[in-house]
Amino acid sequence: MSDNSITNVIRTVMVVFGTRPEAVKMCPLVLELQKHKEIDCQVCLTGQHREILRQVIEAFNIKEDYNLDIMKECQTLTTITTSVLEKMDPVLREAKPDIVLVHGDTTTSFAAALAAFYQQIPVGHVEAGLRTGNIYSPFPEEMNRLLTGRIATYHFAPTKRNEENLKRENVGGSIFVTGNTVIDAFKTTVKDDYLFSNLILQEMDYNKYRVIVVTAHRRENLGEPLENICRAVKNLTEKYDDIKVVYPVHPNPAVREMVYGILSNNTQVELLEPLDVLDMHNLIARSYMVMTDSGGLQEEAPAFGKPVLVMRTETERPEAVEAGTVKVVGVKKADIFKKADELLSDSEKYAQMAKSVNPYGDGCASEKICNILLKW
């Protein structure tokens, strides 16, 4: 397609993703697109993640049309980018999509958007407009979303603030505020009578213990910051005997060495392999609070009324901070411990965060995006 517009009825929409977080947020959109006979929805996986990506699409009962299968040992940002570019080229030539949809801030998203641009295919950017203002934090995500935003013709922003960011940058194209598709995912993943597939989670007494979900693995937190996080968690278990910490540990060897070195012999800490999306969402729903350096959990946990402590120095989701559902606590041990201690000891402070309104929409983001594509 040689022009940057969608004319008449959209025929083929290609949805490209390659990591677990992208899959969680794009699968609800795929399901919505598949409801419409006017749309031929093509799913292309890059395979930036492999096993954990497969878990998500199986949970949503989605089958891919293309799989670039780029994942390799010791992959780098450069090899991911060049592999996606090289392998997307023949896929786009064969499928001839009218639009390519990418998500958020991954290297997959940027490289797939660039591959589409090289063939003059319009790009729709789902979860557009998030910004920290620091191109090296989070790295490389902040630059990925900036570059993807410059390529995209259609920007699907979760919030008004995201829309304002895009307008301030004069990105061009059309901007729509839709909410975040991750809220849509809970319709598929969360159930009151859910039985965990992980045996440790299955046997845990959620009435006896206050369960704290911890995730930490970002590149900028490797080394001393991750050590501070682990030691703060250890100190919390020494003060409170009614808490259980569940920490799904990222496969990165640098993460595992640090986490297991500090927390492996603690009876109040469960160090697990990465969880599938069903176990993770239902765990959050049953938890007391979340401590994380992740982006997605800042959106997911508030939907269940769970306070989130962000163990980073900034967030690209300031609307969650303003709403009161999220607090940025930094990466110093004393600061992390202090804020977690407050939520464990002060019921009023806990209630203030737990009862705050989730700013990420009503669970209809995928439907809104689909309706926009049908009209445009």
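**Labels and what backs them**

Q: Which residues of α11 are called buried?
A: In this predicted model, the buried residues of α11 are Val 277, Asp 279, Met 280, His 281, Asn 282, Leu 283 and Ile 284.

Q: What makes α11 "mostly covered"?
A: Seven of its 10 residues are buried, and buried means under 20% relative accessible area.

Q: What is found at the start of α11?
A: A side-chain oxygen of Asp 276 comes to within 3.0 Å of the backbone nitrogen of Leu 278. The cut-off for a polar contact is 3.5 Å, and this pair falls within 3.0 Å.

Q: Why is Thr 189 called buried?
A: Its relative accessibility is 0%. Buried means under 20%, so Thr 189 counts as buried.

Q: Where does Thr 189 sit, and what does it touch?
A: Thr 189 belongs to helix α7, residues 181-189. Leaving aside neighbours within four places in sequence, Thr 189 is in contact with Phe 60, Val 277, Leu 278, His 281 and Asn 282.

Q: What makes the pairing of Thr 189 with His 281 a polar contact?
A: The two side chains make that contact at 2.8 Å, and the cut-off is N or O atoms within 3.5 Å.

Q: What caps the N-terminal end of α7?
A: Asn 180 does, with a side-chain oxygen 2.9 Å from the backbone nitrogen of Val 182.

Q: How do you know how α7 is oriented relative to α11?
A: They pack at an angle of about 100°, with their axes 10 Å apart. That makes α7 roughly perpendicular to α11, since 65 to 115 degrees counts as roughly perpendicular. On the α7 side, the contact is made by Ala 185, Phe 186, Thr 188 and Thr 189; on the α11 side, by Val 277, Leu 278, His 281 and Asn 282. By type, the residues of this contact divide into four nonpolar, four polar and no charged.

Q: Why does Ile 372 count as buried?
A: Ile 372 has a relative accessible area of 14%. Buried means under 20%, so Ile 372 is buried. Ile 372 lies in helix α16 and touches Phe 156, Phe 176 and Thr 178, not counting residues up to four places away in sequence.

Q: Which residues have the most contacts inside the largest nonpolar core?
A: That core has 54 residues, and those with the most contacts inside it are Val 15, Phe 17, Leu 33, Leu 101, Phe 156, Leu 201 and Leu 283. Helix α1 gives the most to this core, with seven residues. A second, separate core of 33 residues includes Ile 212, Tyr 240, Val 255 and Met 289.

Q: What is Glu 270 in contact with?
A: Setting aside neighbours within four places in sequence, Glu 270 is in contact with Ile 200, Met 204, Lys 244, Val 245, Val 246 and Tyr 247. Glu 270 itself is in strand β10, residues 269-272.

Methods:
Residues are numbered from 1 along each chain as its sequence is written. This is a predicted model: local features need pLDDT of at least 70, side-chain atom pairs count only at pLDDT 80 or more; totals for chains, interfaces and linings use all residues. Side-chain values use heavy atoms; hydrogens and water are left out. Helices (H or I, at least four residues) and strands (E, at least two) are DSSP runs, numbered from the N terminus. Buried means under 20% relative accessible area, exposed over 50%, partly exposed in between (1.4 Å probe, protein chains only). A polar contact is a pair of N or O atoms within 3.5 Å; within protein, one must be able to donate a hydrogen and the other to accept it, and residues adjacent in sequence count only if both atoms are side-chain atoms. Contact means heavy atoms within 4.5 Å. Axes are lines fitted to C-alpha atoms, for helices over the stretch in contact, and angles run from 0 to 180 degrees between N-to-C directions. Angles under 35 degrees count as roughly parallel, over 145 as roughly antiparallel, 65 to 115 as roughly perpendicular and the rest as oblique. Ala, Val, Leu, Ile, Met, Phe, Trp, Tyr, Cys and Pro count as nonpolar, Asp, Glu, Lys and Arg as charged, and the others, Gly among them, as polar. A nonpolar core is a set of buried Ala, Val, Leu, Ile, Met, Phe, Trp, Tyr and Cys residues joined through side-chain atoms within 4.5 Å.
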